[in-house]
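Work through the exercises below with the sequence and the model in view. Try each task before you read its solution.

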Amino acid sequence: MKVLELLDEIEEIVDTSTSFPLTGKIMVDAEEILEIVKEIRVELPDEIQQAQWIKDERQRILEEAKKEYETVITDAKRQAEVMIENDDIVVKSKMRADEIMRIAEENCKQLKLNTFDYIDSILFNFQDKMDQLNATYFADMFNKMENTFQSVNATLASNRSEIKDLAYKTQMDKED
């Protein structure tokens, strides 16, 4: 292959070139090197150029495939969601859940009403007991208070009468 020979020639030029001391640099004939590079380009087989085209085409195909893959996955997810939403089991489950919620709400409402009735009956019974206690004890208490007032009034009247008698006797004793 001529390309390998040309590369060997460049290598020989570099090896045989005059070097600058302490710099590691060499002096070459630029025209000679450029001429060899041009020959290499001319000699490069079409396969290498095709390989570059294939590489570029491969990259383009991979990018297209990736985009198509993402599109297919997105569409499949959307279709799966639609199928799940429309699936007979899901529809029946939603209907059953709605029915259970309706029954639960009715039961809750009935429990509230029963609780209100129970509390009202307790309050009614308490009110009745209070009326009974009032009737029983208030009348008895009123009678006791009335008797106490009458007793106090009787004691006061007796004490006043006694004081009047003592005052009368005292006045009578003074006149005698």
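**Exercise 1.** Is Met141 buried, partly exposed or exposed?

*Solution.* Start with the ground rules. This is a predicted model, where local features need pLDDT of at least 70, side-chain atom pairs count only at pLDDT 80 or more, and totals for chains, interfaces and linings use all residues. Residues are numbered from 1 along each chain as its sequence is written, and side-chain values use heavy atoms, with hydrogens and water left out.

Next, find the residue. Met141 sits in helix H4, residues 88-175 (helices are DSSP runs of H or I, at least four residues, numbered from the N terminus). Now apply the classes: buried is under 20% relative accessible area, exposed is over 50%, and partly exposed is in between (1.4 Å probe, protein chains only). Met141 has 45% relative accessibility, so it is partly exposed.

Last, look at its surroundings. Phe138, Met141, Phe142, Met145 and Phe149 make a nonpolar surface patch of about 550 Å². Patch residues have over 30% relative accessible area and no salt bridge; nonpolar side chains (Val, Leu, Ile, Met, Phe, Trp, Tyr) are joined within 5 Å, like charges within 9 Å.

**Exercise 2.** Which residues make up the largest nonpolar core?

*Solution.* Recall the term: a nonpolar core is a set of buried Ala, Val, Leu, Ile, Met, Phe, Trp, Tyr and Cys residues joined through side-chain atoms within 4.5 Å. The largest one has seven residues: Val3, Leu6, Ile10, Ile13, Ile33, Ile36 and Ile40. H1 and H2 are the elements that give two or more residues to this core. H1 has the largest share, four residues.

**Exercise 3.** Which helix gives the most to the negative patch?

*Solution.* List the members: Glu5, Asp8, Glu9, Glu11, Glu12, Asp15, Asp29, Glu31, Glu32 and Glu35. Helices H1 (2-16) and H2 (30-43) each supply at least two of the patch residues. H1 gives the most, with six. Take Glu11, which lies in H1. Its relative accessibility is 48%, so Glu11 is partly exposed.

**Exercise 4.** Which residue forms a salt bridge with Glu99?

*Solution.* A salt bridge is a side-chain nitrogen of Lys or Arg within 4 Å of a carboxyl oxygen of Asp or Glu. Glu99 pairs with Arg102, and the closest N and O atoms are 2.5 Å apart. They are three residues apart in helix H4, so about one helical turn separates Glu99 and Arg102. Arg102 also meets Glu106 in a salt bridge, at 2.3 Å, N to O. Arg102 and Glu106 are four residues apart in H4, so about one helical turn separates them.

Conventions: Areas by Shrake-Rupley, 256 points an atom, 1.4 Å probe, with all protein chains shown as cover. Lys, Arg positive; Asp, Glu negative; His and termini not counted. Charge placed at Lys NZ, Arg CZ, Asp CG, Glu CD.
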